[in-house]
Amino acid sequence: MTELKSTVGPWKPHAARGPAEFQLFAIGDIHGQADLLAATLEAIRLVPRTTSLRRLIFLGDVIDRGPASLRAVSLVEDAGRLAGVEDVVLLPGNHELMLLDALDAPQSYMADWLDNGGDTLIREAGPDCHTRNRTELAGIARAAVGEGFLNRLRSGPTWHQEGDLLFVHAGVSPDQDISSFLAKPRLLALDDDHWAWIREPFLQWNKGWGGRVIIHGHTPAVRRLGRLDAFAARADHVRKRRRLCLDAGAAFQAQLGWAEFGASAYRLCLTRVG
């Protein structure tokens with residue numbers, strides 16, 4: 001059996017107003033890496049409790065590209081018990097939005113989802129799915145993922161804020177009012193100017209976010225297996241850019257980024273093979 005290890009980094013100040021009453025955890029892009037997710041949830045469960053309420057935030061892209069999207073969905077649905085937390089927040093990523101578009105309008109959007117990694121989820125759902133038409137594929141995907149998970153994606157939050165810590169899948173635009181940008185609807189397939197898709201100018205912005213620190217995924221900080229310090233060197237931009245990336249490249253290798261946040265500090269963590 002492949003050994004999975006979770007490494008916890010040192011505490012660092014985030015110089016923002018943090019979650020004073022909560023012990024807060026966040027997990028970056030998962031992309032069907034269910035074994036890594038299970039190991040991460042167990043690692044979080046073993047972190048000593050410091051408050052009466054522990055909260056876990058998923059930053060999106062639970063599904064697609066990796067080996068076990070359907071099991072990853074099941075683990076997310078049971079994350080409260082597995083991680084020993086009282087509250088779980090599921091934020092949609094662009095892959096979840098593509099899935100919703102594919103289910104709602106398969107003739108228009110099914111191909112986009114399949115071409116961007118949804119084909120791996122469909123293969124999990126049934127070995128003969130490549131012979132089905134788009135409407136049939138939508139029914140297969142809907143049944144495999146489950147209405148509970150889909151309903152949470154449709155009606156749950158699209159971002160979450162604790163004090164001045166803002167959690168969102170891809171980021172925000174420095175050229176737009178943040179509240180208006182975050183209010184964009186969730187069903188905008190392949191839109192680079194959106195909280196689930198943006199990369200630039202967000203990633204290079206270094207003039208702050210009105211006191212906020214943005215915790216995001218979407219753009220992998222690394223694409224190779226490595227130690228926590230190598231991940232942190234590319235993911236941790238809190239001091240200069242006021243953002244922290246928790247995407248450790250799970251779409252490309254068995255590696256999952258996550259973090260713990262306190263009222264005035266945070267620590268970056270990594271679960272990986274070996």
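Q: Why does tryptophan 205 count as partly exposed?
A: Tryptophan 205 has 24% relative accessibility, and since buried means under 20% relative accessible area, exposed over 50% and partly exposed in between (1.4 Å probe, protein chains only), tryptophan 205 counts as partly exposed. This is a predicted model, in which local features need pLDDT of at least 70 and side-chain atom pairs count only at pLDDT 80 or more, while totals for chains, interfaces and linings use all residues. Residues are numbered from 1 along each chain as its sequence is written, and side-chain values use heavy atoms, with hydrogens and water left out.

Q: What makes tryptophan 209 and threonine 219 count as buried?
A: Tryptophan 209 has 4% relative accessibility and therefore counts as buried, and threonine 219, with a relative accessible area of 17%, is buried.

Q: Why is the pair of phenylalanine 167 and phenylalanine 261 called edge-to-face?
A: Rings of Phe, Tyr and Trp (its six-membered ring) pair if their centres lie within 6.5 Å, and planes under 30 degrees apart count as stacked, over 60 as edge-to-face and the rest as tilted. The structure holds three aromatic pairs; in that of phenylalanine 167 and phenylalanine 261 the centres are 5.4 Å apart and the planes at 90°, so the pair is edge-to-face. Both phenylalanine 167 and phenylalanine 261 are buried.

Q: Why is the pair of tryptophan 205 and tryptophan 209 called tilted?
A: The ring centres of tryptophan 205 and tryptophan 209 are 6.2 Å apart and their planes stand at 45°, so this pair is tilted. Ring pairs also link Phe202 with Trp205 and Trp209 into a cluster.
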